[in-house]
Amino acid sequence: MRKPTRRLTVVAVVSSLTTLAITGSVVAVTGIGAPRPQEVRFNIAAPAQAPDPFIANGVAVGNQVPLYFSSGIGPGALNTAAPAGTPERYIDPAQFPGGVLPAGVTVTEAQGMNAMARIKENLESQGLTLADIISMRIYLEAPPGAERADYNGWNRAYRKWVANVNRVTGEVIPAYAPVQFANATRPSRTNLEVDTLPVTGWLVEIEVVAAYTKR
């Protein structure tokens with residue numbers, strides 16, 4: 001069982017903000033309110049107020065929207081050159097050749113990239129994509145020798161898969177290029193640091209909720 005530590009970031013609905021309402025493939029800015037039965041509304045400030053938010057303040061879901069809840073998913077043990085049970089084992093050589101991290105890339109960041117690729121595969125197995133995510137919960141464990149979880153490294157990995165497209169132009173934001181998945185979605189999100197994760201060597205575990213709305 002996960003044991004949350006004192007550091008907890010919670011995303012809540014703030015009803016006074018402008019929202020981005022998504023119904024099917026139609027996108028429009030609207031005031032926050034109860035969604036229609038088949039509608040999902042993202043509580044995000046208008047682009048003029050917040051041009052590049054990385055999460056929504058909350059998401060309202062209509063009562064006829066089918067949802068998919070993933071289990072917690074961590075990175076795959078793909079770097080067989082590293083010893084079993086070490087954080088380095090969970091670096092994906094397809095993303096980082098030879099399991100070698102470039103300068104400035106942390107192990108948590110690399111594991112986040114790996115875990116997000118597994119999330120993508122999980123969603124695609126159900127006919128969904130990362131663009132269908134409406135909410136995320138991320139569990140982080142501090143790297144060996146560190147006093148706290150590497151939130152900055154995780155956030156860099158996150159932007160490679162989510163919230164990396166300009167909401168006005170539809171183009172990838174240069175600061176996050178190259179991306180693994182071009183995605184304008186800004187889900188609601190919670191991050192927790194935990195004492196331990198269920199697999200020795202994991203620093204990241206992710207669970208998501210996705211909506212079957214864009215059909």
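Tutor: Start with Arg 189, in strand S8, residues 188-194. Keep in mind that the model is predicted.

Student: How do you know that Arg 189 has no salt bridge?

Tutor: Look at the nearest side chain of opposite charge. That is Asp 150, 11 Å away. A salt bridge needs a side-chain nitrogen within 4 Å of a carboxyl oxygen, so Arg 189 has none. Yet Arg 189 is buried.

Student: What makes the pairing of the Arg 189 and Asn 155 side chains a polar contact?

Tutor: The distance is 2.8 Å. The cut-off is 3.5 Å, so the pair counts. The side chain of Asn 191 also makes a polar contact with that of Arg 189, at 3.4 Å.

Student: Why is Lys 160 said to have no salt bridge?

Tutor: Lys 160 sits in the loop between helix H2 (151-159) and S8. Its nearest side chain of opposite charge, Glu 109, is 6.6 Å away. The limit is 4 Å, so no salt bridge is assigned to Lys 160. Lys 160 is buried too. Its side chain reaches the backbone oxygen of Tyr 176 at 3.1 Å.

Student: Why is Val 61 called partly exposed?

Tutor: Val 61 lies in strand S5, residues 59-61. Its relative accessible area is 31%. Buried means under 20% and exposed over 50%, so Val 61 falls in between.

Conventions: Residues numbered from 1 in each chain as written. Predicted model: local features only at pLDDT ≥ 70, side-chain atom pairs only at ≥ 80, totals over all residues. Heavy atoms only, no water. Helix = DSSP H or I, 4+ residues; strand = E, 2+ residues; numbered from the N terminus. Buried < 20%, exposed > 50% of the residue type's maximum accessible area, 1.4 Å probe, protein only. Lys, Arg positive; Asp, Glu negative; His and termini not counted. Polar contact = N/O pair within 3.5 Å; in protein donor to acceptor, adjacent residues only side chain to side chain.
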